[in-house]
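Let's take a walk through this one, strand by strand and helix by helix. Keep the viewer open and follow along.

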Amino acid sequence: MTNYNKSWCAQGSESNGIRLAIVGIGNCASSLVQGITCYGNMNDAGGVPGIIHPLVGSYSIGSIKPIVGFDIDERKVGKDISEAIFKKPNVTTKFSDVPNLDARVFMGPILDGLPKHMALIDPEMSFVASKERPVDVAKVLRDYSIDVVVNYLPVGSKKATEFYANAAIDARCAFVNCIPIFIASDEKWIQTFEEAGLPVLGDDVKSQLGATWTHRVLIQAFLDRGVRILDTKQENYAGNTDFLNMMDPERIKTKLASKKSSIEHLIEDHKNGGYEIPPVYAGPAQGENNHGYVPGRNDRKMARITINGVSFGNQPINIKAELEVEDSPNSAGIVVDAIRCAKLSLNRGVKGAVPSASSFFFKHPYEKIPDSEAIIRLESFIRGDIRR
Ligand SMILES: NC(=O)c1ccc[n+]([C@@H]2O[C@H](COP(=O)([O-])OP(=O)(O)OC[C@H]3O[C@@H](n4cnc5c(N)ncnc54)[C@H](O)[C@@H]3O)[C@@H](O)[C@H]2O)c1
């Protein structure tokens, strides 16, 4: 944990809050809960770093109330969320104190959430299963009158994600899917949420200014300036459980698909694109014994992006960019907005997909559009000019 400067943090609450359940009390949940506490109900971003929307509708960041959590790790289950977020193997930076929230972490069903390879490769960083019996998740969601369920399970947790999505439907909650298991971009799941009369946002968070965003901005520049892309790579490194988990080639398949599609569709859809899609790689760093997991690097992620192309006169042009960022706060900066958009959708009776918000906040939305269009649609949605 690094030192933090809390001079810009505000405390506060709003009575008419958003009742939140968090599935997976890992690093992303830690940054989210710290951010909610820290920003409080501040509704003016002046001088405050890191916020896109101080208000979404009438909701400040402090309107979000973590009410219950679900996890399977013995160090987290049974604790208050304020305590569980600072337990191992979480390693993300501490930037805010969090008071007791009176928000318990319940034992969820493990299903495919605990990959065996983690303990074999790095036992210190592995999840450790609690011996408690799983609770009835839908009942807990109903008992605590939850509005929005956020899914932060490890990559590859298909069965578990589907289980929690069904529980959210059962308990009449909106579902925000931060991970690359396809729910909010899957026709069948969208229909299921539509029939239930509930909104679903996702899939796979596009962090505030992360590797995907940076890569997309650079690709868009090549396209807008008529430079043909020959090939491009985005290789990521970190030392958190997310990267340890992603060493399993089976679990990572949909992550790679999600990241790749978020680059490829820009080229496919652009008037200066339209040519055969060049080779694109975006994911954990490739290479023998590597896979992007760097023990000791903790949550400090590094992305190396290269784009090779040809410009006027068939001349070679190459860009090499390096991004270094604390991974989990970077995603929480988006999730605080996605949660508030999910609640606006609930209030407005939106059923099924919410394309305006999902296209801006997620890597693999149902409708993929350039970010410059997505932000315009998002702002229209927040103002209420468009319904979804
Ligand atoms: N950090 C980012 O910027 C970013 C961006 C996009 C997507 N994501 C995705 O968000 C997800 C969460 O990331 P993270 O860094 O917090 O991961 P993490 O490994 O820190 O946390 C995962 C948590 O899920 C818990 N868990 C495992 N199985 C469970 C189950 N069945 N029920 C309840 N809890 C269970 C684990 O014990 C752990 O606490 C990952 O899938 C990640 O790929 C993160």
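Start at Val 310, whose bridge partner in β12 is Pro 316. Before going further, two housekeeping points. This is a predicted model, where local features need pLDDT of at least 70, side-chain atom pairs count only at pLDDT 80 or more, and totals for chains, interfaces and linings use all residues. Residues are numbered from 1 along each chain as its sequence is written. As for the element names, helices (H or I, at least four residues) and strands (E, at least two) are DSSP runs, numbered from the N terminus.

Back to the strands. β11 and β12 pair in the antiparallel sense over 12 bridges; two strands count as paired if DSSP finds at least two bridges between them. In the hairpin they form, three residues sit between the strands, and Gly 313 takes a positive phi near 75 degrees. Now look at the partner of β11 on its other flank: strand β9 (residues 228-237) pairs with β11 (residues 300-311), again in the antiparallel sense, over nine bridges. You can pick out Arg 228, which has Val 310 as its bridge partner in β11, and Lys 233, which is bridged to Thr 306 in that strand.

Zoom out and you have an open sheet of four strands, ordered β10-β9-β11-β12, with mixed pairing. β10 (280-284) and β12 (315-326) each have a single partner strand and stand at the edges, so one side of each is left without a neighbour in the sheet. On average, neighbouring strands are turned by 10 degrees against each other, direction ignored. (Axes here are lines fitted to C-alpha atoms, for helices over the stretch in contact, and angles run from 0 to 180 degrees between N-to-C directions.)

What packs on this sheet? α7 does, touching β9, β10, β11 and β12, and its direction makes about 10 degrees with that of β11. Contact here means that the C-beta atoms of two residues, placed from the backbone, lie within 7 Å. Helix α10 (residues 327-347) lies across β11 and β12, running at about 90 degrees to β12.

Next, the helix pairs. The axes of α7 (residues 211-224) and α9 (residues 253-269) come within 10 Å and cross at roughly 20 degrees. That is why the two are roughly parallel to each other (the label covers angles under 35 degrees; over 145 is roughly antiparallel, 65 to 115 roughly perpendicular and the rest oblique). Residues making the contact include His 215 and Ile 219 of α7, and Ile 263 and Leu 266 of α9.

α1 and α10 come within 8 Å, axis to axis, and cross at roughly 60 degrees, which makes α1 oblique to α10. Among the contact residues are Cys 28 and Leu 32 of α1, with Ser 331 and Val 335 of α10. By class, this contact has seven nonpolar, six polar and no charged residues. (Ala, Val, Leu, Ile, Met, Phe, Trp, Tyr, Cys and Pro count as nonpolar, Asp, Glu, Lys and Arg as charged, and the others, Gly among them, as polar.)

Finally, the ligand. Of the 38 residues around it, Gly 24, Gly 26, Cys 28, Gly 113 and Ser 331 come nearest, where a residue is near if its C-beta atom, placed from the backbone, lies within 6 Å. α1 (27-39), β4 (64-71), α8 (241-245) and α10 are the elements giving two or more residues to this shell. α10 gives the most, with four residues.
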